[in-house]
Amino acid sequence: MLGKTAGGLFWMFRFLERSENTARLVDAGFRIALTRSMAAEAEWASVVGTAGVRDGYLAKYDEFRAASVVDFLLRDRSNPSSVMSAIDSARSNARLVRTALTREVWEATNECWMAMKEVLRRPVSENDLPDVLATIRRQNALVRGALTGTMLRNDIYNFAHLGTFVERADNTARILDVKYYVLLPSVSFVGSSLDNVQWETILRSVSAQRAYRWLSDGDANPKQIANMIILDQRMPRSLAFCTGQIRENLNLLAANYGVRLACHDQAEAAEQRLLDNSIDTIFENGLHQFLSDFIVSNRALGLRIEQDYRFYG
Amino acid sequence: MSDAPDFFDELSGYDGAPRGPYADFCSWFDRQDPARLRRKSKEAEVFFRRTGITFNVYGQQEASERLIPFDIVPRIISAREWARLTRGIEQRVRAINAFLHDIYHRQEILRAGRIPVELIARNEAFLPQMIGVSPPGGIYTHIVGTDIVRTGEDDFFVLEDNARTPSGVSYMLENRETMLQMFPELFSRVPVREVGDYPKMLRRSLAACAPPACTGRPVVAVLTPGIHNSAYFEHSFLADQMGVELVEGDDLRLVDGRVAMRTTQGYTPIDVLYRRIDDDYLDPLNFNPASMLGVPGILDAYRAGQITIANAPGTGIADDKAIYSYMPDIVEFYTGEKAILKNVPTWRCSEPDSLAYVLEHLPELVVKEVHGSGGYGMLVGPAASKREIAAFADKLKSKPAAYIAQPTLALSTVPVMTRSGLAPRHVDLRPFVLVSPNRIDITPGGLTRVAMKAGSLVVNSSQGGGTKDTWVLEE
Amino acid sequence: MLVKIRHSTEYRYDQPVPYGLQQLRMIPKSSAGQKVVSWTTSVEGGRKEVAFTDQHNNHVELLTIDRGATAVTIVCEGEVSTADTVGIIGQHGGYAPLWYFERQTPYTRPGPQVRQLVKTLGRDFDNDTARLHALSALILSTVQYEIGRTDFSTSAEQAIEAGHGVCQDHAHIFISAARLLGYPARYVSGYLVMDDRVEQEAGHAWAEAHVPGLGWVGFDISNGVSPDERYVRVATGLDYREAAPVSGITFGGHTESMVVHLQVQQ
């Protein structure tokens with residue numbers, strides 16, 4: 001496979017993942033703003049921070065109002081992480097690697113792009129927001145479904161998955177990092193309703209409200225929430241799940257090509273570092289420090305993969 | 001201009017009764033519900049958009065990907081008509097390859113005085129770097145798209161020999177695919193010859209011209225200028241259908257004397273490169289140094305026998321519009337036979353007598369740039385205003401050698417679906433020809449381009465033209 | 001005469017070059033008046049990828065620069081035995097048609113200066129060679145030999161305007177005017193044995209015109225003579241660009257300096 005093709009697949013799926021994550025962040029922000037209008041502005045500010053686009057946002061707006069945040073995160077093409085920009089980039093990459101995709105995956109991606117262009121043609125009103133967000137999730141799911149259902153399980157598939165999980169790991173870590181203070185024990189002792197809402201937001205941002213209810217007897221507890229999002233390998237957006245997937249896909253590539261590269265060692269070391277921890281040691285050593293380290297090492301791994309597999313000249 | 005009977009209609013001839021090739025189709029069509037057909041027509045558009053069969057338009061941000069209109073009424077050619085066309089095309093393509101070999105070697109045709117030396121000597125399309133180069137397998141034009149127009153029952157003319165990088169074959173294939181999906185019953189009723197083998201034959205044909213350096217199974221790749229090129233869809237489509245890599249210039253390097261592509265596992269040599277980049281941009285070391293698209297040094301590797309480039313560099317000298325007017329002589333010189341397909345009479349404006357005639361008859365003529373393509377920069381006399389004609393006359397006088405003129409041909413019509421039923425529209429035809437050592441394959445059919453505006457004679461997609469599925473009937 | 005040549009060219013780059021190519025036309029060919037006795041080309045910091053013969057029958061070699069190299073050195077060494085043919089190379093051969101040598105290029109395209117030069121030359125000559133020698137002499141008196149007033153990119157027209165030039169400029173002007181007069185003409189790059197020194201700063205360049213009856217005839221405008229046994233022809237072309245010893249392209253990394261060591265001796 002061409003190095004460029006591997007890179008195109010990797011980034012196509014990173015951008016698809018990003019578009020969905022951004023939509024999910026908007027969903028969580030929207031929900032909390034509905035239920036707690038007092039804290040809305042702070043909540044939207046934290047959503048923009050989590051999406052990692054604070055500077056870009058502040059260059060354009062002074063206040064964190066719902067309408068402008070939603071517009072910036074969903075439609076603004078000057079924001080490279082907006083849903084529309086991410087879908088644009090995903091499709092450009094899909095065109096670049098078209099020969100590596102089945103017709104179904106390409107068409108699902110193209111249809112996703114057409115659907116986004118349609119629903120995001122105009123600013124999205126509060127009334128339409130739930131529908132639009134649902135459309136984004138659904139269209140993304142269609143691409144994933146086409147990938148799972150029609151693609152050979154070969155290097156193409158591995159690079160697609162690597163993109164998905166490197167992006168997702170980054171995203172999950174950032175969601176936690178922005179909100180880590182509400183999970184800290186000192187705050188949880190207060191047990192205010194504010195915290196419950198914040199926990200709920202975190203769970204919603206990673207689509208884990210339901211899973212959490214099933215796994216935790218319904219009792220919201222910050223340590224359990226953190227444990228689930230960081231270390232639970234059953235949770236498809238947890239850091240442990242993502243690093244496991246990254247390691248597994250890299251190992252499949254190593255087996256397929258018959259060569260182990262620096263990224264393989266790096267991925268295994270990263271996973272080991274994660275699994276050597278319990279949620280208690282993570283809290284003891286500092287949740288924020290842990291998440292920052294994770295984000296840095298995940299980014300480094302992404303760059304290593306790009307180099308080892310010659311994405312660029 | 002009107003669509004009155006001064007044009008030959010391929011469905012109804014001059015008198016209105018369906019011609020033979022269309023008989024089966026018409027008996028089916030007459031029993032269809034027009035509303036259903038119109039709905040199908042819409043479906044086709046959705047299908048094309050979803051598949052991403054679009055072409056890019058430069059300089060337009062929002063509308064940068066446009067659909068080429070597709071018309072659901074097929075254009076039908078009988079086995080007898082096709083047999084004659086293929087004989088004529090084969091003869092012409094064989095002559096073109098012989099001409100190219102000659103013009104880059106001994107130039108016997110110039111020594112014999114059959115075409116004027118200045119025509120080559122002053123021609124920008126003559127590529128000196130190809131002097132003395134014999135391409136692998138002896139083939140210069142692996143892929144040719146001969147543009148043919150029809151003006152009557154037995155009157156076919158070659159309009160252009162596209163011998164550089166003809167495009168449109170993906171539309172031929174996708175149009176058929178679309179028709180098969182929309183009207184499967186039609187194909188069980190009418191015996192239509194298959195076109196779907198094209199990618200397989202293209203790959204075989206390219207592989208048959210592997211360079212001396214190739215050991216083992218030839219590695220083929222398609223070189224594209226990138227996703228912003230107007231024909232990118234076609235490039236990726238063909239690579240995909242052939243099962244070969246689609247590469248860009250920056251994927252390629254010289255490694256161990258070979259042009260090689262950067263893969264996830266290192267550099268892999270390429271044997272045959274089907275390039276969809278113009279000569280000028282192909283190699284910044286040897287041609288335009290400002291090109292960011294090409295592969296520096298690829299021409300050196302080519303001249304050293306390390307890679308096959310298809311089509312060969314320098315083939316533009318064979319499809320230049322000034323050379324075109326000599327094509328009957330060229331065919332005769334190299335094949336010893338009279339040309340089977342007619343040339344459109346052509347006035348070379350570089351010749352003073354011709355220029356005078358052309359200037360006097362501008363309202364009746366079509367004037368084209370010698371090096372132009374895509375229907376840009378041409379004058380269609382009968383459709384032009386007095387002002388446009390006057391302005392064009394000035395251009396012509398200031399640079400006569402840059403133009404040729406031809407009579408306005410009464411292009412045949414084929415009906416298209418319109419809101420108010422079938423209506424005749426002018427068409428041309430681009431069959432696709434594959435050339436490999438000792439072998440010429442012409443896919444039965446080709447790309448029918450259709451002017452979607454009533455009365456218009458311009459079929460180019462860049463000018464709003466559409467396409468149709470083209471059926472060649474079994475014997 | 002047995003001419004011994006050692007020619008080393010070193011390119012230094014301002015930063016490691018990730019990828020780059022150099023096309024060399026540095027191997028002399030045996031032809032009328034010269035026979036290559038021995039010749040080697042060695043490269044440091046790069047490797048030979050392919051070799052071929054171009055449309056001028058030049059031996060061309062293509063090098064890639066080693067990944068990350070900051071310098072490339074090309075050393076040519078060899079012996080060529082020469083004879084005096086009073087500048088006559090002889091009948092035209094090969095596939096390149098004579099009309100090809102009438103094509104002007106960006107270096108030679110005539111403008112008012114070259115046209116004026118041709119006008120000054122007049123038309124009263126006994127024969128073609130006399131006319132071309134007169135042209136050569138006229139060029140030398142109009143554009144005096146002086147290093148540093150022109151560079152590799154100077155055209156014939158610009159050189160006349162500058163009023164000073166080097167052998168490359170003289171050759172371009174000659175070629176431009178000769179073509180204007182209807183003679184096929186070409187650029188020659190090569191070496192010249194000098195009476196007073198062995199170490200030289202650069203190779204030499206001159207021109208050849210095709211004269212009916214004689215075929216190709218050489219004219220060293222800068223020295224006012226036709227080449228004799230002191231001259232070694234290496235490459236020919238329509239202009240400098242086509243006959244240049246080295247033309248290259250690098251990606252990331254610019255040429256900082258080029259250092260040439262050239263020894264030509266008997």
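Tutor: Happy to! Please keep in mind that this is a predicted model. Let's start in chain A, with helix H8 (residues 155-183) and helix H16 (residues 287-308).

Two packed helices are described by the angle between their axes and the distance between the axes. For H8(A) and H16(A), the axes come within 9 Å and cross at roughly 165°. Angles over 145 degrees count as roughly antiparallel, so H8(A) is roughly antiparallel to H16(A). The crossing of these two helices is left-handed.

Now find the side of H8(A) that faces its partner. The residues of H8(A) that meet H16(A) include A:Leu162, A:Val166, A:Ala169, A:Asp170 and A:Ala173. Further along H8(A), A:Tyr180 and A:Leu183 are also among them. On the H16(A) side, the residues in contact include A:Leu287, A:His288, A:Leu291, A:Phe294 and A:Ile295, as well as A:Arg299, A:Gly302 and A:Ile305. Taken together, the residues of this contact divide into 12 nonpolar, four polar and four charged.

With the helices in view, let's turn to strands. In chain B, look for strand S23 (residues 466-472), which is mostly covered: seven of its seven residues are buried. Strand S3 (residues 70-77) of chain B runs parallel to S23(B), and five bridges join the two. To locate this pairing, find B:Phe70, whose bridge partner in S23(B) is B:Thr467. Strand S22 (residues 447-450) of chain B also pairs with S23(B), but antiparallel, through three bridges. Here B:Thr448 has B:Lys468 as its bridge partner in S23(B).

Zoom in on S4(C) and strand S5 (residues 59-65) of chain C, which pair in the antiparallel sense over seven bridges. Within that pairing, C:Phe52 stands opposite C:Val60 in S5(C).

Finally, step back to see the chains together. Two pairs of chains touch, and the most contacts among them are between chains A and B. Chains A and C do not touch, and their nearest C-alpha atoms are 9 Å apart.

How values were computed: Residues are numbered from 1 along each chain as its sequence is written. Chains are lettered from A and ligands numbered from 1 in the order in which they are written. This is a predicted model: local features need pLDDT of at least 70, side-chain atom pairs count only at pLDDT 80 or more; totals for chains, interfaces and linings use all residues. Side-chain values use heavy atoms; hydrogens and water are left out. Buried means under 20% relative accessible area, exposed over 50%, partly exposed in between (1.4 Å probe, protein chains only). Helices (H or I, at least four residues) and strands (E, at least two) are DSSP runs, numbered from the N terminus. Two strands pair if DSSP finds at least two bridges between them. Axes are lines fitted to C-alpha atoms, for helices over the stretch in contact, and angles run from 0 to 180 degrees between N-to-C directions. Angles under 35 degrees count as roughly parallel, over 145 as roughly antiparallel, 65 to 115 as roughly perpendicular and the rest as oblique. A crossing is left-handed if the near helix is turned anticlockwise from the far one by less than a right angle, and right-handed if clockwise. Contact means heavy atoms within 4.5 Å. Ala, Val, Leu, Ile, Met, Phe, Trp, Tyr, Cys and Pro count as nonpolar, Asp, Glu, Lys and Arg as charged, and the others, Gly among them, as polar.
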